[in-house]
Amino acid sequence: TKPEASRPAADADTSAFSLAQLDKNKDGSVDKTEARASPSLSAVFDKADTNKDGKLDAGELSAASRIKP
């Protein structure tokens, strides 16, 4: 079997955003400061933050990859 390739935090339109890579303080969510590491996530952050708590949980982060800026 081939080793799994490491995935970037995500800036390709077809990639999912990685909580493990973006969640720098390891609190289980991505806030706006952490989201700045990915310009494409920053562009859709407010739309993706469906509960308006200022951070993206795993579900919101997963859905964010399908939101058009």
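**Entry 1: the core**

I started with the largest nonpolar core, and I found 11 residues in it: Phe 17, Leu 22, Val 30, Ala 35, Leu 41, Val 44, Phe 45, Ala 48, Leu 56, Leu 61 and Ala 64. I note the rule here: a nonpolar core is a set of buried Ala, Val, Leu, Ile, Met, Phe, Trp, Tyr and Cys residues joined through side-chain atoms within 4.5 Å. Buried means under 20% relative accessible area, exposed means over 50%, and partly exposed is in between (1.4 Å probe, protein chains only). Two helices, α3 (39–48) and α4 (58–64), each give at least two residues to this core. The largest share, 4 residues, is from α3.

**Entry 2: ground rules**

I must remember that this is a predicted model: local features need pLDDT of at least 70, side-chain atom pairs count only at pLDDT 80 or more, and totals for chains, interfaces and linings use all residues. Residues are numbered from 1 along each chain as its sequence is written, and side-chain values use heavy atoms, with hydrogens and water left out.

**Entry 3: the overall plan**

I looked up the secondary structure and got 4 helices and 2 strands, in the order α-β-α-α-β-α along the sequence. Helices (H or I, at least four residues) and strands (E, at least two) are DSSP runs, numbered from the N terminus. Of the 69 residues in the protein, 28% are buried. I also checked the surface: the protein exposes about 4,700 Å², with 54% of that supplied by carbon and sulfur atoms. These areas come from the Shrake-Rupley method with a 1.4 Å probe; for residues, only the protein chains shown count as cover.

Which residues does Val 30 touch, leaving aside neighbours within four places in sequence? I listed Leu 19, Leu 22, Asp 23, Ala 35, Leu 41, Phe 45, Lys 55, Leu 56 and Leu 61. A contact means heavy atoms within 4.5 Å.

Next I looked at Phe 17, which sits in the segment before α1 (19–22). Phe 17 has a relative accessible area of 11%, so it counts as buried.

**Entry 4: one face of α3**

Where do the buried residues of α3 point? They are Leu 41, Val 44, Phe 45 and Ala 48. Seen down the helix axis, they fall within an arc of 155 degrees, so they line one face of α3. That arc is taken from the directions from the helix axis to the C-beta atoms. Their cover includes α1, β1, α2 (32–35), β2 and α4.

**Entry 5: a salt bridge**

I counted 1 salt bridge, using the rule of a side-chain nitrogen of Lys or Arg within 4 Å of a carboxyl oxygen of Asp or Glu. The partners are Asp 46 and Lys 32, at 2.9 Å, N to O. Asp 46 is in helix α3 and Lys 32 in helix α2, 14 residues apart. Asp 46 is partly exposed at 47% relative accessible area, and Lys 32 is partly exposed at 43%.

Most residues other than glycine have a negative phi. I therefore noted Lys 26, whose phi is positive, near 55 degrees, and whose relative accessible area of 60% makes it exposed. Lys 26 lies in the loop between α1 and β1 (30–31). Lys 52 also has a positive phi, about 55 degrees. Lys 52 is in the loop between α3 and β2 (55–56), and is exposed at 59%.
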